Structures are given as structure tokens and as C-alpha cells.
Amino acid sequence: LAKVGIIMLGVRSIENALPFYRDTLGLPVRFAVEGFTFLDGGGVTIALRAAPNLGEPGDVLRTEVVFEVDDIDAAYRSLKARGVSFRIEPRVVTPDRYAADFRDPDGHVLSIFGPRTES
């Protein structure tokens, strides 16, 4: 794992949450796509993820820590070899990046995110 790159926060409404993060906390908006707004958290990106039906703590949409990796396949194999059980296998999430998700012992969603360097 290279570093924590993104912390994703599920919010019931981006339109309601964004003024708090942007205006009150002063985090600049990096960019937005449908269902997500990405803010500059000073070394880590804070992503607001639209989750209109957000449930109680433990809901997989509530919070996710995303670790950047240099090679999704190598990181996936390494973590599996160390006993990590993935809930979602590596899949395309942007044109050139892949992600795979797993949980920590307390149920927090963690993921790895990076390019596929193997052909």
C-alpha cells in the first residue's frame, strides 16, 4: 500500500453536505462527477459519495478508506496471501484504474486503487 489516497464519506445529499466541507471547512473542490465530489484534504482526497438511503453505522456506503497502490494485481495477491478476504475483486472504476474492496476486523470498508501494470 503506497498511501491513503482517498477517504470516501457517504452523504445523504451532496448538495447539503458540500457547503459544510467547502465553505465551512474551506476544502477546495478538485472535481465532481455524477454521485461524487472530490475535495482537497491537504495530502488526502475527501470524496463525498451520494448515498441518499444511507443507513446506520456499518453501512458500506458510510465510510471507506482507499489506499493507493502502484499495481492493483500485485497488491491484491499480496494482501490475499496475508489472509485478506476481498468482498469485491479488482474491477475497473476509471478508464485506467482498478479497485478492490475488503473489510477490517471491525467491518470498516477498505479498498485498494491503482493501475493494472500486468497484461
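Q: How many helices and strands are in the protein chain?
A: The model is predicted. The protein chain has two helices and eight strands.

Q: What pattern do they follow along the sequence?
A: Read along the sequence, the pattern is β-α-β-β-β-β-α-β-β-β.

Q: And in the sheet, what is the order of the strands?
A: The order is β2-β3-β4-β1-β5-β8-β7-β6. The sheet is open and its pairing is mixed.

Q: Which strands stand at the edges?
A: β2 and β6. Each has a single partner strand, so one side of each is left without a neighbour in the sheet.

Q: By how many degrees are neighbouring strands turned against each other?
A: By 20 degrees on average, with direction ignored.

Q: What packs on the sheet?
A: Helix α1, residues 14–24, does. Helix α1 touches β1, β2, β3 and β4. Its direction makes about 5 degrees with that of β3.

Q: Let's go through some pairs. Do β3 and β4 run parallel or antiparallel?
A: Antiparallel, with five bridges joining β3 to β4. Leu39 stands opposite Ile46 in β4.

Q: What about β1 and β5, parallel or antiparallel?
A: β1 and β5 are antiparallel too, over six bridges. In that pair, Lys3 stands opposite Glu68 in β5.

Q: And β5 with β8, parallel or antiparallel?
A: Parallel, over five bridges. Phe67 stands opposite Ile112 in β8.

Q: Switching to pockets. How much space lies in the largest pocket?
A: About 530 Å³.

Q: Which residues lie nearest its centre?
A: Ile6, Met8, Phe38, Val93 and Phe113. The lining has 23 residues in total.

Q: Which element gives the largest share of that lining?
A: β1, with four residues. Elements that give two or more residues also include β3 (36–40), β6 (86–94) and β8 (109–114).

Q: How does the lining divide into nonpolar, polar and charged residues?
A: The lining has 11 nonpolar, five polar and seven charged residues.

Q: Last topic, overall size. What does the C-alpha trace span?
A: The trace spans about 45 × 30 × 20 Å along its principal axes.

Q: What is the radius of gyration, and what would a compact globule have?
A: The protein chain has 15 Å. A compact globule with 119 residues would have a radius of gyration near 14 Å, so the value agrees.

Methods: Residues numbered from 1 in each chain as written. Predicted model: local features only at pLDDT ≥ 70, side-chain atom pairs only at ≥ 80, totals over all residues. Heavy atoms only, no water. 1 Å grid on protein atoms, 1.4 Å probe; cavity = no way out; pocket = protein on both sides within 12 Å on 5 of 7 lines; lining within 4 Å. Points joined across faces, edges and corners; volume = space filled by probe spheres on them. Nonpolar A, V, L, I, M, F, W, Y, C, P; charged D, E, K, R; others polar. Pairing = 2+ DSSP bridges. Axes fitted to C-alpha atoms, helices over the stretch in contact; angles between N-to-C directions. Contact = heavy atoms within 4.5 Å. Rg over C-alpha atoms; globule rule 2.2 N^0.38 Å.
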